[in-house]
Structure formats: C-alpha cells, structure tokens
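Hi,

Here is the model I promised you. My notes follow below it; please read them with the structure open.

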4 protein chains.
Amino acid sequence: MTGVFDHPWLSGLFADDEMAALWSAEAQLSHMIAFEAAWSRHGHLAGLWSEAEGASAATAIEAVSLAPEELRDGTALDGVCVPALVRLLKERTGANAVHKGATSQDVIDTATALSLANCIDLIDQRLARLASELEALELKFGATPLMGRTRMQAAMPITVSDRVQTWRLPLLTHRDRLAQLRPRVVLVQIGGAAGDHAALGAGADAVCEAVASELGLSPTTKSWHAMRDGMAEAASLMSLITGTLGKMGQDICLMAQQGIDEITLAGGGGSSAMPHKQNPVLAELLVTLARYNAVQLSGLHQAMVHEQERSGAAWALEWMLLPQMVQATGRALVVASNVTAQITWMGTPDPLS
Amino acid sequence: MTGVFDHPWLSGLFADDEMAALWSAEAQLSHMIAFEAAWSRHGHLAGLWSEAEGASAATAIEAVSLAPEELRDGTALDGVCVPALVRLLKERTGANAVHKGATSQDVIDTATALSLANCIDLIDQRLARLASELEALELKFGATPLMGRTRMQAAMPITVSDRVQTWRLPLLTHRDRLAQLRPRVVLVQIGGAAGDHAALGAGADAVCEAVASELGLSPTTKSWHAMRDGMAEAASLMSLITGTLGKMGQDICLMAQQGIDEITLAGGGGSSAMPHKQNPVLAELLVTLARYNAVQLSGLHQAMVHEQERSGAAWALEWMLLPQMVQATGRALVVASNVTAQITWMGTPDPLS
Amino acid sequence: MTGVFDHPWLSGLFADDEMAALWSAEAQLSHMIAFEAAWSRHGHLAGLWSEAEGASAATAIEAVSLAPEELRDGTALDGVCVPALVRLLKERTGANAVHKGATSQDVIDTATALSLANCIDLIDQRLARLASELEALELKFGATPLMGRTRMQAAMPITVSDRVQTWRLPLLTHRDRLAQLRPRVVLVQIGGAAGDHAALGAGADAVCEAVASELGLSPTTKSWHAMRDGMAEAASLMSLITGTLGKMGQDICLMAQQGIDEITLAGGGGSSAMPHKQNPVLAELLVTLARYNAVQLSGLHQAMVHEQERSGAAWALEWMLLPQMVQATGRALVVASNVTAQITWMGTPDPLS
Amino acid sequence: MTGVFDHPWLSGLFADDEMAALWSAEAQLSHMIAFEAAWSRHGHLAGLWSEAEGASAATAIEAVSLAPEELRDGTALDGVCVPALVRLLKERTGANAVHKGATSQDVIDTATALSLANCIDLIDQRLARLASELEALELKFGATPLMGRTRMQAAMPITVSDRVQTWRLPLLTHRDRLAQLRPRVVLVQIGGAAGDHAALGAGADAVCEAVASELGLSPTTKSWHAMRDGMAEAASLMSLITGTLGKMGQDICLMAQQGIDEITLAGGGGSSAMPHKQNPVLAELLVTLARYNAVQLSGLHQAMVHEQERSGAAWALEWMLLPQMVQATGRALVVASNVTAQITWMGTPDPLS
C-alpha cells in the first residue's frame with residue numbers, strides 16, 4: 001500500500017473519497033459488467049445471437065456477483081483482466097451470448113469513459129462551487145489593498161480582488177474546456193479484435209448505438225483503440241486545473257509568511273517540534289498536486305505513440321497514470337475549497353509604507 | 001548554436017522554415033514594435049498623452065530600425081528585453097509618448113499571442129492538407145488488406161483504410177481543438193506594472209480595445225500575466241498533434257521492416273556504412289518529435305505555478321519551451337506530409353497466410 | 001484503490017510483493033518506531049533525559065502496537081504523520097523521553113533511508129541474478145546468427161550474443177552505480193526543528209552516531225532536510241535500470257513479431273477476442289515500466305527546488321513518486337527474469353536470405 | 001533563431017559562451033574530423049588499408065576545411081550528417097582510406113563523448129569555484145542569525161551558515177559524482193555497421209585502443225550504440241546540479257522579499273514600468289534552469305528505450321535534449337557564482353522579535 005491516495009495514513013492528506021469512488025476497482029468492475037450486459041442485450045442487432053438469448057444473458061450478467069480480486073490471476077496471465085472476466089461471467093451465468101465480437105479494449109476503455117463522464121460532472125460542480133466561494137471571498141476582502149508583487153518583489157499596490165481573480169477566472173475557462181472535452185471522451189469503445197467491427201458486419205452501427213445509448217455514452221463510427229488523443233486531452237485538462245490551483249496555493253504560502261502577513265488562515269498543520277507553528281499545509285498541498293499532475297501529464301502524451309491497432313505498452317501506461325491524475329485533481333479542488341474556507345483575512349497591512 | 005531547429009546541419013532534419021519565421025527574433029521584435037506603436041497611438045484614450053503626440057510617436061516607432069542583437073545587453077541586465085527596447089525607441093524617435101502605463105510582460109506576451117495567432121493558422125492549414133493527403137492515400141490503397149496487429153502480434157486482417165484512419169481522424173479533431181483554443185490565447189496582454197490597469201484609470205477598456213483591434217487580437221478585461229492556462233493549453237494541443245503524428249511514424253517504421261514489408265517508401269535516408277539501406281528517417285523523426293513535445297509539455301504545466309502578479313522564474317521557463325514545441329509541431333506536420341508523399345504501396349502481401 | 005501496484009487485479013500485472021513489503025505502510029511505521037526508540041535510548045548523550053529514562057522509554061516504544069490507520073486523522077490535520085505518532089507513543093507508553101529534539105522530517109526521512117537500504121540490497125541481488133540468467137542465455141543461443149537491425153531496418157547479421165549483451169552489460173554498471181549511491185542515501189536524518197541540531201548542543205554528533213549505528217545507517221554531520229540530491233539520484237538510478245530493461249522489452253516485442261520470428265516465448269498473454277494469440281505481455285510491460293519511471297523521474301528532480309529549511313510542497317511530491325518508482329523497478333527486474341526464463345529460442349532463421 | 005541559448009537577445013540571459021563553445025557545431029565538426037583522422041591513421045591495425053595510406057589520409061583529413069553548413073543537405077537526406085561528411089572528406093582529400101569499417105554513430109557518439117569530457121572538466125572547475133565562493137560567504141556572514149523557515153513559516157533561528165551549507169555541501173557530492181561518471185561516458189564509440197566490430201576482425205581491439213588513445217578517451221570492448229545508460233546518467237547529473245542551484249535561487253528570491261529582507265544583492269534587474277525595482281533576476285533564473293533540466297531529463301530517460309542495434313528515433317531525441325541540458329547547467333553555475341558575488345548582506349534583522 002504505497003500509493004498516497006489509498007495509503008493508511010497519507011490518504012488523510014491526499015485522498016478524495018468521492019473521486020476515488022468513481023475510479024475504484026469496484027466502479028470499474030461494475031462498468032465492465034454493464035458493458036458486457038449491454039453487449040449481450042444488443043448483440044442480436046449484429047446477428048451475434050438471438051434477441052431472447054441476449055436478453056437472458058444480459059439479465060444473468062447483471063446479477064453476477066464478482067469480487068475484484070477474482071480477476072487478479074487472469075490479469076497476471078493475460079496482461080488484461082477481460083479474458084478472466086469473460087470466463088467468470090460465462091461460468092456463473094451459463095450463458096453463451098457473452099462478449100463475442102467484442103475485445104478486451106472495448107470493455108476497459110468503455111469503463112474508463114464511464115468513469116470520465118462521472119468525473120467530468122464532479123469536477124464541473126466543484127469548479128462552479130469553488131468559483132463562487134472565491135467570488136464570496138472577493139465580496140468580503142476584494143477592496144482591501146494588497147501589495148502587488150512581481151518577480152518576487154513588491155511592485156505597486158493592487159487590491160485583494162486583483163489577486164483572487166487570477167485564481168477564479170481560469171476556473172470558468174476550465175468549465176468551458178470541460179464542456180468541449182466531454183463529447184471527445186464520453187464515448188463508447190467498440191471495435192472488436194482488430195478495431196474494425198469485422199465481427200459485427202452490417203449491424204455494427206446498430207450495436208454501437210444501442211450499447212452506447214444504454215450506457216449513456218455517445219456512439220462512434222470508428223473505434224478509438226489506437227487514437228488516444230481524447231485520453232491525453234483529458235489528462236491535459238486535469239493538469240490545467242491543478243496548475244491554476246497550484247498557483248493559488250503558492251500565492252497563499254507566500255502571503256502567509258511572517259513578515260508578509262497578507263493572509264490569515266484558521267487551522268493549519270501542527271509541527272512535532274514546534275507546537276507554536278501553524279503550517280499552511282493545504283496551500284502547500286495545492287502546489288504539490290499541481291507539480292504532480294504536470295509530471296504525470298508527460299506520460300499520457302508519451303502514450304499517444306500507440307503502435308498499430310493496440311499497444312499493450314502504451315495502454316498500460318495510461319492505466320498507471322490517468323486514475324492518479326484525476327484523483328489529484330479531485331483532491332486539489334476539495335483542498336482549494338477548504339483553504340478558501342480557512343481564510344479569515346486578506347490584504348497588506350500597509351502597502352504604501 | 002546547439003539548438004536543433006537552428007543548427008547548421010541538424011536544421012536539415014529538424015527545421016521548419018515557415019514556422020521558424022513566425023517565431024524568429026525578427027518576428028518577435030516586429031510584434032513588440034507593433035505593440036509599442038499601437039500603445040502610443042491609443043494611449044490618449046487613457047489620457048497618457050495627447051492624441052497628436054501619440055500618433056506622431058507611433059509613426060516614428062514604426063519607422064525605427066533595430067537589430068535584435070541590440071537588446072542583448074539589456075536582457076542580460078534586466079532579465080527581460082523590454083526596458084532596453086523602450087530606451088532605444090525613445091532615443092531613436094525622441095518621442096516621450098512611449099510605453100508609459102504598460103509593462104514588459106504586456107509587450108512580450110502580446111508578441112507571443114501574435115505569433116500564436118499566425119501559428120494556429122499555419123497549423124490549421126497543414127492539418128487540413130495532411131488530412132486530405134491521407135484521404136487520397138485511402139482512396140489509393142484503402143481497400144488493400146492489411147494484417148491488423150495488436151500488442152505487437154498479428155491479430156486479424158483489416159484494411160489499409162482502417163489503419164490510415166487512425167492517423168487521419170484525430171487531425172480533424174485537432175482542427176476543432178485549434179478553433180476552440182484560438183479565443184483563449186489570441187489575446188492582447190495589457191495589465192501595466194502590477195496587472196491591474198492602474199495607470200489607465202477609466203480609459204483602460206478603451207485602450208485595451210483599441211490596441212487589441214489594431215493588432216488583430218481580442219481584448220481582455222483582466223490581464224493574464226499570472227493566469228497561464230492559455231499558454232499551457234496551447235502547448236498541450238501542440239503535443240496532441242505531434243502525438244498523433246508520432247503514432248503514424250511508429251506505424252510506418254513497423255510496416256517498413258523487412259519481413260513485414262507492409263509499406264514501400266520512395267526515398268529514405270542513406271547509411272555511411274551500408275549503402276544498400278533505405279532508412280525510414282522521416283517516420284522515425286515523427287516519433288522523436290512526439291516524444292520531444294511530450295517531454296516539454298510537462299514544463300509548460302510546471303510554469304502554471306506562477307507566483308503572485310508575475311513570476312520571472314515561471315515565465316522564463318515558457319520562453320525556453322513554447323517556441324521549441326511549436327517548431328517541433330510545425331516540422332512534424334511537414335514531415336508527415338512528406339512521408340505520405342513517399343508512400344508508393346501499403347498492404348500486407350498475404351495477410352491470411 | 002486505483003494505484004496499479006496495490007490494485008485488486010492490476011496488481012497481478014504490476015505488483016512486486018517483495019519490494020512492496022519494503023515500502024509498505026507497516027514497514028514505514030516500524031522504521032519510524034525504530035527511530036523513535038533509538039532516539040529515546042540515545043537522547044541522554046545530548047542531555048535530553050537520563051540514560052535510564054531513555055532506555056525505559058525505548059523499550060516501551062518498541063512494545064507499542066499501532067495500526068497504520070491510527071495516523072490518518074493526524075496526517076490530515078498536520079500534513080505529516082509524526083505529530084500523531086508521537087502523541088500515540090506518549091499516550092501508550094506513558095513515557096516522556098520521547099522525540100524531544102527531533103522533528104517530523106528526521107523520523108520520516110530516516111524511515112525512507114531504511115527502506116532504501118533494503119531496496120538497494122534487493123535490487124542488487126536481482127541485477128546479479130538477471131545478469132547471470134542472461135549470461136546463461138548467451139551460452140545457449142549466443143552463437144546463433146541474428147539479423148542486426150539499425151533504424152528499424154535490417155543491417156548486417158550479428159549474433160544473438162551481440163544483442164543480449166546490450167541487455168546484460170548495463171546491469172553490471174548499474175551494480176557499480178548502486179554501490180556508489182549507497183553511502184549517499186543510506187544515511188540517518190537528524191536535524192531537529194530547523195535542521196541545525198540546536199536542541200542537541202554539544203551532544204549532537206554523539207546522538208547522531210549512536211542512533212545511526214543502532215539503525216544500521218551512516219551518520220551525517222549536517223542534516224539533509226533540504227538537500228535532496230540523494231533522493232533524486234536514487235530515483236535517477238531506478239530509471240536507469242528500468243530504461244535498460246525497457247530496451248530489452250522493446251527488442252523482445254520486435255523479435256516476437258510474425259514475419260520476424262526471432263524469438264520464441266513459452267507462455268504469453270491470451271486475448272479475449274483471439275484465443276490463438278500469444279501476446280508478449282511481459283516484454284511490453286518492461287517498456288511500460290521504463291516509460292513510467294522516465295516520467296516520474298522528472299518530479300523527483302523538480303522536488304530538489306526545496307525552499308529554505310523544509311519545503312512541505314516539495315517533500316510531499318517525493319512521497320507521491322519515489323515509492324512508486326522503486327516498485328516499478330522491482331517489478332521490472334522480476335519481469336525481466338521471467339521473460340528470460342520464457343525464451344526457448346533466439347535467432348534469425350535465415351539472416352542472409 | 002528561437003533557442004534561448006543562441007538567441008540574439010535572450011542569450012544575454014541564458015548563454016554560457018564557454019559551455020556553448022564545447023558543444024558548438026564547429027566543435028562537433030572538429031571532433032568528428034578528429035575521429036575520422038584517427039580512424040584513417042589506425043585502420044591498418046585491422047587491415048583496412050596500409051599504414052602509409054592511412055597516415056596520408058589522416059594528414060589530409062586534418063587539413064580539410066569544412067563549413068558546418070555543408071552538412072545540412074546530407075543531414076536532411078540521410079537523417080544524420082556523417083554520410084555527407086565522409087563524401088566531402090573523400091572528395092577534398094582524394095583519399096580512400098576513410099571511414100571504412102566505421103559507422104555514423106561511431107563518429108557522432110565519439111564527438112559527443114569528447115564534448116562531454118571537456119564539459120565534465122569545466123563543470124568540475126566551476127563546482128569547485130562556486131563551493132569556495134560559498135565558503136567565503138560563510139566566512140563573512142555565516143555566524144549571523146537567520147530565521148530558520150520550514151513549510152514557508154518561521155521556525156527557529158539558525159545561522160546564515162546553516163542555510164548556505166545546504167547550497168554548498170551538495171556541490172562537493174556532485175564533484176564525486178562527476179568523477180564516478182567520467183569513466184562511464186568518456187568512451188570512444190566504435191562498433192561499425194551493426195555494432196559488433198565485424199569489419200575489424202581480429203584487429204578490433206587494437207583499432208579501438210589506438211583511436212581511443214589518440215582522442216584521449218577510454219576504449220570499450222563492446223560498442224554502446226544501443227546502451228544509453230551513460231548518456232542518461234550524464235543528463236541526470238546535470239539535473240542534480242541545477243537542482244541544487246535552483247534551491248539556492250529559490251532561497252535567495254524568498255530572502256530578498258520586502259518584509260523578509262534577509263539578503264542584499266548589489267545589482268539586479270530593472271523594470272520597464274517601475275524604475276525603483278531591483279529584481280532578483282539571476283536568482284529566479286536558477287529556478288528556471290533547474291525546472292528546465294528536470295523536464296528535459298525525462299526525455300533522456302525515455303531515449304533509453306532504444307530498439308535493436310540503433311534507434312534513429314531515440315538517438316535523435318538525445319540530440320535535441322542533451323546539449324541544451326549541459327548549457328543550462330553551465331549557465332546555472334556561472335549565474336550562481338554571479339549571484340554569490342552580488343551578496344552584500346545576509347541574515348535576519350531580528351530573528352527573535
């Protein structure tokens with residue numbers, strides 16, 4: 001248990017339970033099962049099986065109870081959890097109208113798209129909330145004079161509002177970006193073995209539309225197995241958001257310095273050696289999360305070099321990085337709201353002195 | 001001269017002269033002078049000087065001849081070229097209605113926005129061109145059978161069209177992204193010393209609109225000195241584009257292997273030791289440029305942690321990275337077109353054997 | 001549970017249990033308790049308490065039973081787990097001769113150094129083992145002709161030995177690097193509140209030596225709270241190792257292509273859509289892990305910009321990255337050994353044809 | 001001309017002329033010519049030509065005058081400059097005892113190793129100089145009280161010496177690292193077409209030793225065409241050095257804040273808007289260069305995934321990154337010395353107030 005988001009004690013600092021739930025193994029498993037049920041239910045549109053057989057398989061699949069750990073050995077063997085999942089679904093349902101015509105990547109990428117859809121909603125709500133919290137902050141302290149600082153040097157007096165706007169305005173732009181991103185990633189993944197719908201024949205579009213619609217995703221005419229620009233763009237947006245919040249965190253740390261004293265925070269972290277200290281722990285954490293995402297982002301873009309119809313190497317790199325990035329983003333948004341709530345004063349005591 | 005884009009011989013491989021021209025020192029200098037002229041011309045709207053005085057200064061500024069090297073010593077001293085530029089403009093024009101109320105970052109960021117505007121146009125044209133070149137390729141070879149390959153292993157036969165679409169379709173999405181990005185970065189930068197328009201008083205909006213309009217940029221109500229999400233998003237899009245092209249390059253390298261023989265390229269690089277070899281140099285270069293941009297991107301996102309009203313440290317990091325990223329992107333688009341033109345055959349000789 | 005190293009099913013692919021144990025929360029907690037016990041035992045050398053009082057506290061501390069989760073709330077509050085740990089140790093032992101004169105970073109960094117010491121041993125053993133496994137491979141197939149390939153093109157015939165040496169020789173150099181790294185990171189961390197041993201007075205060196213010696217670490221004269229070159233160097237070496245193994249994995253993937261057929265692997269991953277396929281899953285995983293570490297490494301180097309006597313922001317970034325990098329390294333070494341064991345044939349069937 | 005190290009005015013801030021000279025096109029060309037001359041001179045040891053023929057070719061090669069630009073078109077064609085170089089050398093000398101048995105990568109990597117050798121010397125001198133400059137600073141101000149600051153908060157008073165040691169001590173460790181790195185990278189590269197010395201037969205070792213010795217490099221028994229751990233390690237060390245200096249720069253920026261006032265710097269950058277400001281431009285630059293190298297480093301490690309006997313894609317990525325990293329490192333060392341010389345006072349006016 002070394003990942004900070006799931007760690008017995010570091011999770012106290014890093015975890016965002018609501019976001020974690022969207023990307024948990026349980027959520028992924030339930031998305032994968034939802035895909036398989038929808039597939040069984042609509043496969044008849046491509047003649048994979050009869051409507052009745054599919055419907056009965058779908059119902060049975062939805063009733064299957066599976067522990068995430070049951071997929072571990074299969075993943076070790078196959079490099080991907082889906083062959084084991086399909087074996088277990090077939091065993092436990094006795095159904096045959098299962099998975100045929102689909103491929104592992106269809107299942108896993110669709111599950112990711114479902115998590116992304118929820119994640120976009122959650123982030124959008126939090127962006128909106130944080131923006132109004134910051135607006136409230138401006139209402140309270142916005143007119144107070146603040147020393148404007150450029151290149152780490154006192155420049156000219158501005159107001160608190162000028163500073164807080166640099167934290168708030170990009171949040172609104174991020175909401176626009178989220179809305180523009182959504183149709184590019186909230187997509188069903190259906191391609192089959194080599195990504196070309198070969199197993200679906202003339203019924204391909206009908207199946208894609210029905211499965212997508214059941215899952216609340218958009219259909220695609222071409223599978224995106226090997227076109228990963230949507231994933232990399234989603235990661236970019238996560239890092240844009242944490243970058244904005246990291247700037248806010250950095251500013252707060254600088255404002256909280258003794259001798260500068262431009263912000264007062266209620267709460268703050270204690271020290272094991274100096275009980276008198278109040279550390280701006282959450283503001284620092286915003287900087288950490290921004291730098292973390294800026295680092296991870298590089299890997300999602302490296303993963304775009306995705307050879308042929310499916311790159312095992314590049315795809316697995318996405319698994320290692322994307323869920324961490326969304327968790328860092330979710331946590332940063334919560335932390336930014338919490339820090340905002342801690343602020344009891346902003347301004348430069350005497351900016352013209 | 002160690003930068004590959006400007007290097008005496010490596011430029012043969014890496015340089016894109018058309019893109020380089022948009023970001024050259026000469027272009028930047030001319031953008032900065034254009035800003036200063038527009039500033040002089042419209043400063044009267046904020047009462048900085050009389051309309052006549054401003055108009056005369058503007059005309060004089062536009063006539064000044066300056067060598068880029070003349071800004072070197074000043075940059076060494078001030079960390080930014082604008083103080084030297086302003087001194088020289090004043091000296092050579094004798095005008096006083098110069099720069100007052102603006103700040104270095106206004107000048108440099110506006111120059112960058114002007115280069116970005118041109119760059120977005122150029123990239124959009126090239127995306128469109130490459131997309132139609134690839135469409136033409138599909139018309140020629142699209143129906144030919146090709147072995148679909150997943151996880152580096154032969155999977156099921158597909159067609160050339162299936163593969164080429166994974167190169168082409170994201171280009172269309174990138175054009176949408178460019179269109180969405182444009183209003184977020186093709187913006188005038190006007191903030192003054194501490195970013196708050198303090199020196200402009202009630203005339204701030206009028207000046208911003210007039211200067212922006214003269215330069216062909218959009219005005220902003222708030223300066224983006226310390227909100228760098230636009231820059232980081234632009235960098236993200238550059239890397240998304242090179243990522244798509246890197247995937248194309250990787251595929252071509254793999255198809256060109258002896259024993260695979262799924263593509264024939266006219267031309268190709270020679271070897272000093274093996275005159276018989278035809279190396280897929282341009283396809284490899286696409287991979288290099290994709291990985292390069294994926295690396296640089298991390299830095300643009302680190303630079304979002306931009307302290308207070310202006311971070312010298314974070315801003316200078318942008319200077320080191322962004323022009324290189326756009327050059328890599330420009331070059332990758334040219335190279336992708338060139339590689340496409342080299343293709344004289346695609347397909348798997350006998351995919352079912 | 002989104003981290004791949006601890007994930008219910010992805011751990012089947014990514015986890016290295018032996019390495020995970022060295023970095024687990026339980027191991028970290030036991031290292032921290034060992035530090036606190038040693039501190040209590042030797043604090044009398046700096047006059048912090050009497051020898052008897054310290055000895056009795058140490059014994060009591062060693063007997064305390066603590067669940068990692070008990071530190072969660074405190075970490076959430078203080079941004080670091082040590083204040084909570086110290087509170088709990090004092091509560092459960094009733095002792096007072098606890099922690100005084102030390103600081104959170106002393107405890108946590110020392111725990112990391114202890115994990116690194118074990119980790120260096122484990123990696124060194126595995127490097128040695130893998131090197132001899134590859135040597136054995138050379139004995140078996142080394143003389144077999146193999147087509148040398150440069151720039152993805154057939155160049156001139158070489159032997160299997162020439163290729164395998166590019167996988168094996170760097171392992172020996174990595175062992176040299178590990179030996180050189182060891183004295184730079186297997187160091188006790190003792191600095192106290194502001195890193196200057198102020199609370200220890202003239203007894204500082206004596207305490208440092210005694211605590212270090214009890215823990216099997218080297219003492220230091222200056223605390224490394226804010227000098228993070230050792231951590232960044234350790235991360236660099238992790239990435240050098242996975243880089244070498246990634247090259248091996250990439251080569252194997254390329255050799256395993258149908259049409260190239262230069263390697264035969266027993267085992268290999270299955271496909272949910274194509275039961276006939278044998279995917280070189282482990283070889284791909286080596287590429288993934290190499291690219292992962294190359295990405296993370298950037299963050300450890302960003303974390304060197306560590307402000308003043310302790311940067312909460314930079315330090316927490318290390319927590320997010322370093323344990324993941326060592327796990328990726330541990331896993332890559334196991335995977336490389338496993339792939340080596342799977343190889344039943346190497347060579348180019350007819351390199352001169 | 002967009003690269004900051006060669007830019008008409010940005011070079012004022014970023015260029016290190018001494019380091020640039022070691023990596024210039026002219027220096028690389030002269031190293032390549034030195035390799036070719038040594039190759040001609042000693043090729044007779046492998047029976048490539050007669051001793052007299054080789055000696056005469058070597059002398060002629062050494063007398064050839066070539067402009068770097070003459071290699072541009074060939075590089076565009078072949079992806080590497082060596083085929084053009086060899087053609088030109090043959091044309092201009094009329095000699096035949098040229099290059100045979102060597103390959104492009106032998107020439108270019110050896111030229112890089114020669115630059116690295118000089119670069120290691122230069123960096124070592126600068127590390128030594130900076131360490132003694134910082135030691136002198138400690139002599140001057142070391143005993144002055146300074147507020148120790150942890151997590152951006154005042155902690156406990158320390159001394160200036162405590163702070164400065166965190167800048168100075170790692171420099172000494174970096175010197176040890178340089179000494180350990182040297183034998184791993186100051187190596188001749190000789191492998192021939194496929195890296196196996198095939199063209200040299202029994203004379204391979206004799207040629208390698210003679211060429212290496214003439215060039216002042218160490219010989220190797222196995223070419224390192226595809227083993228890039230040395231390059232990636234060199235890059236890691238560059239980033240470790242700039243990381244240490246970035247920490248120093250960050251500290252100075254923080255100390256120079258009004259309200260903190262813990263350092264006085266003579267000089268400092270001017271502002272176009274605020275003539276009264278003294279910006280800590282060089283200290284900020286140290287942060288920029290540290291973050292720059294931390295970013296680039298990732299790419300050198302990605303380039304370790306070097307397929308088969310030579311990866312054009314990975315190798316070209318090194319060309320894009322390594323010379324920039326060494327220039328950033330060289331510049332950072334000069335800047336750190338310059339900042340140190342600017343310091344006229346350090347200490348916290350009244351740390352206990």
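Contact, as I use the word here, means heavy atoms within 4.5 Å. Please keep in mind that this is a predicted model, where local features need pLDDT of at least 70 and side-chain atom pairs count only at pLDDT 80 or more, while totals for chains, interfaces and linings use all residues. Residues are numbered from 1 along each chain as its sequence is written, chains are lettered from A and ligands numbered from 1 in the order in which they are written, and side-chain values use heavy atoms, with hydrogens and water left out.

**Chain C with chain A**

Between these chains, 70 residues of chain C touch 70 residues of chain A. They bury about 5400 Å², 64% of it from carbon and sulfur atoms; buried area is the accessible area (1.4 Å probe) that two parts lose on being put together, summed over both. On the chain C side, C:Thr2, C:Trp9 and C:Met320 supply 16% of the buried area, more than any other three residues.

**Chain A with chain D**

Here 27 residues from chain A meet 27 residues from chain D. The two chains bury about 2400 Å², with 47% on carbon and sulfur atoms. A:Arg151, A:Met152 and A:Gln153 lose the most area on the chain A side, together 27% of what that side buries.

Two salt bridges cross this interface. In one of them, the side chains of A:Glu284 and D:Arg151 come together at 2.7 Å, N to O. Nine residue pairs are in polar contact between chain A and chain D, both at pLDDT 80 or more.

**Cysteines**

How many disulfides are there over all chains? The count is zero, taking a disulfide as a pair of cysteine sulfur atoms within 2.5 Å. For B:Cys119, the nearest cysteine sulfur belongs to B:Cys81, 19 Å away. B:Cys119 is buried, at 0% relative accessibility (buried means under 20% relative accessible area, exposed over 50%, partly exposed in between; 1.4 Å probe, protein chains only). B:Cys253 is also in no disulfide, and its nearest cysteine sulfur, that of C:Cys253, is 16 Å away. B:Cys253 is buried, with a relative accessible area of 2%.

Best wishes

Technical notes
A salt bridge is a side-chain nitrogen of Lys or Arg within 4 Å of a carboxyl oxygen of Asp or Glu. A polar contact is a pair of N or O atoms within 3.5 Å; within protein, one must be able to donate a hydrogen and the other to accept it, and residues adjacent in sequence count only if both atoms are side-chain atoms.
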